[in-house]
Amino acid sequence: MLRVADVERLVAGIEGAAASEERLGIVVRVGRGSVEETLAQLKVAGFNWLVDLLGTDTGEHVEITYHLRSYEAGQDVFVKTAVPYDGELASVWQICPAALMPERETAELFGLRLSGHPNPKRLLTTDGVEPLLRKDVAVRTPEEFRR
Amino acid sequence: MSDPRYEVYEAGLIGEGMHEPPVLPAGLRRSPSGVDGLRTEHLVVNMGPQHPSTHGVLRMLVEVDGEEVVNAEASIGYLHRGIEKLAEHRRYDALGTLMDRGDYVSGIMGELAAALAVEQLLEVEVPRKAHWLRSLTSELNRIASHLVWYGTFGLDTGAMGQFLYAMRDREAILDILEAISGQRMMFNYVRPGGVVRDLPPGIDAKIRAFVDGFENVYLPEHDALLGGNEIFQSRVKGIGVITREQALAFGLTGPNLRASGVRYDVRANRPYAAYPELEFEVPVGETGDAWDRYLVRMEEMRQAARLIRQLIDGMPEGPHAAKVPKVLRPPAGEVYAAVESSRGETGVHLVSDGSEHPYRFHYRAPSLFALQALEEIVPGHLIADVVMIIGSTDVMMGEIDR
């Protein structure tokens, strides 16, 4: 069983990376620029399985969570980073191919630009649909929508 | 015929560079290679969203060179209902109703994932009986879901009869689940704190009768009908191979991952509900082709029947739900809970801000990851095999689009 100190050692060389034990599990918070490096280092340490990728609108920025798992260690690590509204989400598909579709989904539903992606098209909605999962986009009834 | 192009065709004189059509229509591309001087054109074939073999509303854009697929792209979103956004306006005990409409043929397991996440936030202790009832309904639902896969997989190969037999058995399970939960598909049976109600009197005899028949007669019959068929075997063996490395890289879970030789099952690796107390095996495949995925799912049905037997025999006494407030207001926090649904790891990532509605609700759909692996796997196969490969991965559009 890995502890926070072990994960901290894994990401020691990365600027601004901080590991902490949260309710969710072990969470590594990194700057936007060092996500790729962090994922690559964790991948070498066995966290080669990207279970999930999601965004959360915190009210100040969009928080992107990379849910990694090591099959050998049987443990999960969450890497989190903050992306400003209408900012750029850098694709990590070359490290984790599993990110291909979740990244497209996250970018379109939070109104982010996707960079470095082989197919940066919309995934679920058509052009012109608002970034649905942002908190400033309200749920409307069909009547309200027509008005 | 005045067009000189036809003349060269007829004379068999067409060669490299003899003519170029001025502008190619959209979707057509010149192949870089030619056969005997004749050029072949790549053609984009649009499969779906109303194609009978795409299991719901999946649209595959398949670029073919003759019969061979050179490129495949999945186009999805036809069933997008915005479940994740809607959940932000629901109360915590209503999240299960949304999960039901995600993976709509294995609803109990989706509900369970949502309930486990809410319970983690609330730190509520669930009674032992509720755990057992959750496992019992999950396993019944797993057989029902795998039977839908089995039936439609046969339809993909052109076999009609076994689909009807599969639906007959599924009906028997849905009748049992209806007696337990009151619903046939959108159960809303598993709630935070436990389950809605106890087993109705006399249902255990019904379940026992079903499992006896299913395990001893019907399942061997199903297996012989499809898996014992030589045409079916030659159709699925060796196609759609997903290696162990590819499976992990694309985030596959469930039977698709296990068919590639990775022994990972949430029920065994991170036990929840009553699974720590139960005995079952986790079947794995060797090569990761469509045939292995078939074998793994058939064995899973056998294991599910074994689990149901244990669950009915050892069903504990006691309350079926913990006492939880009518309106749930979990303390602020972020949790992830996962269950082994019939398609893989169905996870719920829940963020609470202390109010009665979730701040963020994320549904990890196992089929989404299986689908993006398909884009990698399908090229190189014949177009007729594409349908078989999609069928063998058992993707469910309800949970992909959410």
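**Entry 1: chain B contacts.** Among the chain B contacts between residues at least 6 apart in sequence, 69% join residues at least 24 apart. The model is predicted: local features need pLDDT of at least 70, side-chain atom pairs count only at pLDDT 80 or more, and totals for chains, interfaces and linings use all residues. Residues are numbered from 1 along each chain as its sequence is written, while chains are lettered from A and ligands numbered from 1 in the order in which they are written.

**Entry 2: chain B make-up.** I found 15 helices and nine strands in chain B (DSSP runs numbered from the N terminus: helices are H or I, at least four residues; strands are E, at least two). Of its 402 residues, 49% are buried (20 or more other C-beta atoms within 10 Å of a residue's own, all placed from the backbone).

**Entry 3: the A–B contact.** I noted 29 residues from chain B and 21 residues from chain A. On the chain B side, elements giving two or more residues include helix H2 (83–87), strand E8 (344–352) and helix H13 (366–377). E7(B) gives the most, with four residues.

**Entry 4: chain A hairpin.** I checked strands E1 (residues 18–22) and E2 (residues 25–29) of chain A; they pair in the antiparallel sense over five bridges (pairing needs at least two DSSP bridges). Two residues lie between E1(A) and E2(A) in this hairpin. Ala18(A) has Arg29(A) as its bridge partner in E2(A).

Terms used: A residue is buried if 20 or more other C-beta atoms lie within 10 Å of its own, exposed if 12 or fewer, and partly exposed in between; C-beta atoms are placed from the backbone. Two residues are in contact if their C-beta atoms, placed from the backbone, lie within 7 Å.
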